Amino acid sequence: MTIALEDLLQMSAEEIWARNERPSGDELRNKEQTYFDDVYDGMELPKYIYRPTPTHLFRWSAAIENFHRIHYDLDFGLNHDKNPSILVHGSWKQSVVPQFLKDFTLPGGWPWKARFEHRAMLVPGDVLIMWGKVTGKEEKGGMGFVDLEIGMKTHDGIESMPGTATVVLPVRGGEPIPYPFVPPAD
Amino acid sequence: MTQETQSALTPEVQAMIGVTGEVVEGWGIVDEEYLRRFTQAVMDPDPRYWDHEFAASTKFGEVITPPIMVSYMSSRIRPDQEDPITRAFEENPMSDGIGRVSRPGSLPPVPTNLVRVLNAGNELEIYKYPSIGDKIFFQNRYSDIRERVGRDGRPFLIITSETTYKNQKDELLCITRASSIRR
């Protein structure tokens, strides 16, 4: 059972970091299926906690070949763009979202879609909480569609990425979710 | 809307909705080394990304890749074009590191005098994980342009660009949408 987001935000940054629920490779290998039948309105997903450092930002810039200096050149960020520090990439946050949804739906579900906004500047030193909460569920075409509210909050409660998502979970005893994913006709 | 505040959604702007770029083949292929760097940078240790034997036993039947990893392949600087980074710093040692570059498949600019650009959000639709060895084909389209009025009474535009990614078998991989505010 994951800790409630509301309770997590009462903690210090160090205490939040200690509550990181990002799974290990072995946990992902052996993950048991969450079925459509198991989820309920208000259910919270495991919290993924991140503590980005300049090295993490540089590694992301290099991986995707994003050379914008605001992400790795502190002098440029402070003095040219007048930012508070180097900035965490929106593209990194955007790439955490499908990972977070994938992990929740493994091994047999599907992370179908998500939409979100980028609102706050995130910097090294922030402790970030990727979170999700079930807001609705509907069975269609033998598949379990689950709506989520998602976001990435800072340790002091600022929501940097408010959004929504829809994932597909198998119904217990039902048919497997097709791969590649094909949504049912409305 | 008062007479002084003319609509930003002019017929010329409206005509951009649905404008579609050419289908472009991304540079290179989806390869294991790019996959390793990407998944380590996003901090996803899933063995489905590297353990072929295990991945073959999953519903996917093979090693998978993060769905939007391929979206960054479309922004690679191709070696058969002038290097915009080199040029940017030759022109201006204080360049922001992006440089001005026209990428294949780019959409024509929306004809508006609203020049300030803000990120309004992103959407993802995922259908299939790209496979190792895939060639990636992408196509951009203006999927929506809307007008809103700010608190200052001035109109602004929300422009949504959609990119569709397919593989060499014409299988749909994912669709991304990026919305920007033009003030």
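**Interface and strand pairing**

The contact takes 46 residues from chain A and 42 residues from chain B, where contact means heavy atoms within 4.5 Å. This is a predicted model, in which local features need pLDDT of at least 70 and side-chain atom pairs count only at pLDDT 80 or more, while totals for chains, interfaces and linings use all residues. Residues are numbered from 1 along each chain as its sequence is written, chains are lettered from A and ligands numbered from 1 in the order in which they are written, and side-chain values use heavy atoms, with hydrogens and water left out.

Me: What is the area buried between chain A and chain B?
Reply: Buried area is the accessible area (1.4 Å probe) that two parts lose on being put together, summed over both. Carbon and sulfur atoms give 57% of the area between chain A and chain B, and the total is about 4000 Å².

Me: How many salt bridges are counted between chain A and chain B?
Reply: A salt bridge requires a side-chain nitrogen of Lys or Arg within 4 Å of a carboxyl oxygen of Asp or Glu. The side chains of A:Arg29 and B:Asp51 meet in such a bridge at 2.9 Å, N to O. The count between the two chains is four salt bridges.

Me: Which element gives the most to the side of chain A that touches chain B?
Reply: Elements are DSSP runs numbered from the N terminus: helices (H or I, at least four residues) and strands (E, at least two). Those giving two or more residues to this side include α4 (54-64), α6 (90-105) and β2 (110-116) of chain A. With nine residues, the element that gives the most is α6(A).

Me: Which residue in β2(B) stands opposite A:Arg115?
Reply: Two strands pair if DSSP finds at least two bridges between them. β2(A) and strand β2 (residues 117-126) of chain B pair in the antiparallel sense over four bridges. Opposite A:Arg115 stands B:Glu123.

Me: Is A:Thr154 buried or exposed?
Reply: A:Thr154 is found in strand β4 (residues 143-154) of chain A, and its contacts include A:Leu9, A:Leu122 and A:Ile129. Buried means under 20% relative accessible area and exposed over 50%, with partly exposed in between (1.4 Å probe, protein chains only). Because its relative accessibility is 4%, A:Thr154 counts as buried.

Me: Which residue in β5(B) stands opposite B:Leu157?
Reply: In β4(B), B:Leu157 is the bridge partner of B:Glu147. Ten bridges join β4(B) to strand β5 (residues 172-182) of chain B, and these strands run antiparallel. In β5(B), the residue opposite B:Leu157 is B:Arg182.

How values were computed: Lists of a residue's contacts leave out its neighbours within four places in sequence.
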